[in-house]
Amino acid sequence: MSRYNAREVEPKWQKVWENAQAFRTRNDSPKPKYYVLEMFPYPSGKIHIGHGRNYVMGDVVARFKRAMGFNVLHPMGWDAFGLPAENAAMEQKIDPAKWTYANIATMKAQLKVLGLSLDWSREFATCDPGYYKHQQKLFLDFYRLGLAHRKESYVNWDPIDHTVLANEQVIDGRGWRSGAEVEQRKLTQWFFRVSDMAEELLSALDDLPRWPEKVRTMQRNWIGKSEGANVMFALTNSPIPSLEIFTTRPDTLFGASFCAVAADHPLAQAIAKNNADAAAFIAECKHLGTSAAEIEKAEKKGFDTGARAKHPFIAGRDLPVYIANFVLMEYGLGAIFGCPAHDQRDLDFARQYQLPIRPVVIPSSEKADEFMVGTEAYVGDGRLENSDFLNGLSVDDAKRSIIDRLEKMGIGKRTITYRLRDWGVSRQRFWGCPIPMIHCGKCGVVPVPEKDLPVKLPTDATFDQPGNALDHHPTWKHVDCPQCKGKARRETDTMDTFVDSAWYFARFADPTAEAPVNREAVDYWLPVDQYIGGIEHAILHLLYARWFTRAMKLGGYTKASEPFAGLFTQGMITHETYKDPDGKSLFPEEVEKRDGVAIKRGTNVAVTIGATEKMSKSLKNVVPPEVIADSYGVDAARWFLMSDSPPERDSEWSEAGIEGAWRYVQRVWRTVNEAAETLPALGAPMPAKFNPSATALRQATHRTIAAVTSDLEQFRFNKGVARLYEFAKAIESFEPATADDHWALREALESWIMLISPMMPHLAEEAWQLLGSKTLVVDAAWPKADPDLTRQDTVTIAIQIDGKRRAEIEMPKDSAAKAVETAVLDVDAVRKAIDGRKIKKVIIVPNRIANVVMEQSGV
RNA sequence: GCCCUCUUGGCGGAACUGGUAGACGCAACGGACUUAAAAUCCGUUGUUCGAAAGGACGUGCCGGUUCGAGUCCGGCAGAGGGCACCA
């Protein structure tokens, strides 16, 4: 018998599927719809098997749902705008479009090797004018609806390269190319009004039960709803008479020892006008860049403005007013009061500037006059002390009470604040979707007329200087004003690439639509039933897509509010890293292992095995799918990717693992081959009776069907794979003697092939054919488990004495508790363990466990 | 710094809603088949005490709740993801 030859078999079936247009999806099917989508890739160059896991997972779901009778949409496209293309343009003098489309061609070929059940007829790239034209139309609609507007905000500015930097291009506060200290610079930019929908985006999370709880928690925290109060402080020695602050802890007002404002707060700006030191400090704050992580990690610093804030309740207590580097203008009012005893940042700040620390919330276990705050602020609940009319109240009661009082006095009010900010979509870059706006000296900001869309990127831009090539282009931005026909200037900012990915899933419903979406198609397909992607997108991409879908709804494009009904976040694929003696990284294919020692292939040079890390180009620990396809076949790779690790966790790619999978491929092939000739004809009628061993096989078959079906429904691919290993054993150890036995064997084999088919589709087709079928597995229905054969009649009940397992007993399923107790107490080992002691009680958990609890003998 | 998650044998992991910890796979070891190798098949494999029967310990660490905790609660440690211009 010949071996299974994946290298021949796999391309053969891929061709068959393609010729049959097996995965082409209709928008008008009578079947129920199921939309499965993996986050589309950025065409960075090549995919590795780590990307493969994401697509294979989606493919398993797609094939499984198809067999279950759904009209499945499983499309693929390219998130094609982004920084790497521009970097390549600068470094290699290659046109970003050429670079991008070349990468797409390479990666598409690689994806095809994986044998994915994709409807390639719906493919598009976000850098196609045919796609971004519609994005520009949506932008104009959002502008008309007041969802897009302009305002000032800060960017990272490189003063040497005269260019705006992304956060990842700022390294230790310096520009990655120039090394210059980065400054914050104010620009007028386009924003989407995301914060207006904060409450809706927050409350609707409760209606997404098929999202991981942790992602919903992260989004909730990101939106960051907090209830608190705005409080007005009267100022002395200040250019402005009063300061309004926001606090979530008004209850700690009596413990206040300072106020602080952000560097760009009007008070700070006003003081800096006549105070060079203040201006210098503000300038220093601006050198931190715009990244929140940088700002928060930096040492807490402040500048005493000399202004004093009057405490609203304590006569004579004047609080110093600082400009502080940890207060953000974007959150609340850009001004706070500090209570060091009950807030960690305030405490760090107070220690540095020797400000008083006054505890006002005392933990219930402590005495008010003894309670001290050391290096950690006390942020828990307790009772209020040293707080006049709040004394004795809990934190919550104190908040209510003091806000009521502040409101009555007219110097404060109850406020709800969200951390969520508007979405800044302007990017000072070439390789993105042009913002379809025109700036006219007379008419101001004028939208590009719809008939002039798309505003296309020029094809002759040059990248010999840093900065926005669109802005540098000699002619592109010069245009006549659509209103007054006078000379005007195009907007040279392009859109954030998160905009591209905020609606691509809707375009897949009908990528040929004249409008951004085909209303009928999008209403049929949305929401996506199962979205699959990395946890790294848990907040931004998913939140933006949720907002964008609502904005499209307001524009009349869809009835859906939520884009993704089900979400699964998969873990990453990791691999060992290798370094040669010079410390240079090596690709896995450059390394061979001899007697457990790693050596550079074809040499005697020793290789150091480094940490196991997420597969990435920079570490070179990547395995390309076509290499695996050539050696083990893509089915083995798909099987391995779905086995072992639970899909939400990281998983290590190893040579041993793929070999194990490959052995299973051979095993399936051999078993089907050996049995094929003895089997009854396809579709032979079921015998009326089976002997016990055939019945046992049939039970294994139907139990496996039931288990694997539920495992796949629940994304527990690794468990499904484990059950299919067990089932293989059951089939192999079965020795058919009669014709009826062979019927049971055929049933087992057919079921087996169907159950492995989502994971190993090529092998399944080949084996299916071997069993005599003239139709394709991709057109076959998923097997159904017969409840009569999955039922369990007896159960094993574990017996514990005082919670420790001592014996077990077989009982009929659902035996009465009394009967179980009697049987348990009659077991020899139990009697011996009891040893004449007194039984306190017997706990019976039906079908599971019996625990005999003894009286404690006095010690 | 802040938010979120994870931690179970030599390794990846299983254990349904608090009810027999270690399914299944990998690796290792022993054996069968073979002139030999490959392939395949069978067996053993958490640690420890014991000749065995059997016992003790054991799910990152410390503590708690419970008849019973990998699972729930509090604290600690380590690893990972995100922090708004990487995608």
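Is Pro11 buried, exposed or partly exposed? At 44% relative accessibility, Pro11 counts as partly exposed, where buried means under 20% relative accessible area, exposed over 50% and partly exposed in between, with a 1.4 Å probe and protein chains only. Welcome to this predicted model, in which local features need pLDDT of at least 70, side-chain atom pairs count only at pLDDT 80 or more, and totals for chains, interfaces and linings use all residues. Residues are numbered from 1 along each chain as its sequence is written, chains are lettered from A and ligands numbered from 1 in the order in which they are written, and side-chain values use heavy atoms, with hydrogens and water left out.

**The chain as a whole**

- Chain A has 27 helices and 35 strands; these are DSSP runs numbered from the N terminus, with helices being H or I of at least four residues and strands E of at least two.
- The C-alpha trace of chain A spans about 100 × 90 × 65 Å along its principal axes.
- Of the 859 residues in chain A, 53% are buried.
- Among contacts between residues at least 6 apart in sequence, 71% join residues at least 24 apart; a contact means heavy atoms within 4.5 Å.

**Cores and helix α23**

- The largest nonpolar core has 177 residues, of which Phe192, Trp547, Phe548, Trp653 and Trp752 touch the most other members. Such a core is a set of buried Ala, Val, Leu, Ile, Met, Phe, Trp, Tyr and Cys residues joined through side-chain atoms within 4.5 Å.
- Helix α23, residues 739-756, gives the most to this core, with ten residues.
- Another core, of 39 residues, lies apart from it and includes Ala229, Leu267, Cys285 and Leu406.
- Trp547 touches residues including Phe142, Phe192 and Trp423, when those up to four places away in sequence are not counted.
- In α23, 15 of the 18 residues are buried, so the helix is mostly covered.
- The end C-alpha atoms of α23 are 26 Å apart, which agrees with the 26 Å that its 18 residues should span at 1.5 Å a residue; the expected span is 1.5 Å times one less than the number of residues.

**Cavities**

- There are three cavities of 30 Å³ or more. On a 1 Å grid over the protein atoms alone, a cavity is a set of points where a 1.4 Å probe fits but cannot get out, and lining residues have an atom within 4 Å of a point.
- The largest cavity holds about 160 Å³ of space, a volume being the space filled by probe spheres set on the grid points, which are joined across faces, edges and corners.
- Its lining has 16 residues, and Met90, Thr163, Gln169, Arg177 and Gly467 lie nearest the centre.
- Helix α3 gives the most to that lining, with four residues.
- The second largest cavity has a volume of about 100 Å³, and its lining includes Arg63, Phe64, Met754 and Trp782.
- Helix α2 provides the largest share of this second lining, four residues.

- Lys65 is in helix α2 and counts as buried, at 10% relative accessibility.
- Leaving aside neighbours within four places in sequence, Lys65 is in contact with Tyr34, Phe70, Val72 and Glu713.
- Pro11 is in helix α1, residues 6-19.
- Pro11 and Asp452 are 441 residues apart in sequence and 45 Å apart in space, C-alpha to C-alpha.

Conventions
On a 1 Å grid over the protein atoms alone, a cavity is a set of points where a 1.4 Å probe fits but cannot get out, and a pocket is an open set with protein on both sides within 12 Å along at least five of seven lines; lining residues have an atom within 4 Å of a point.
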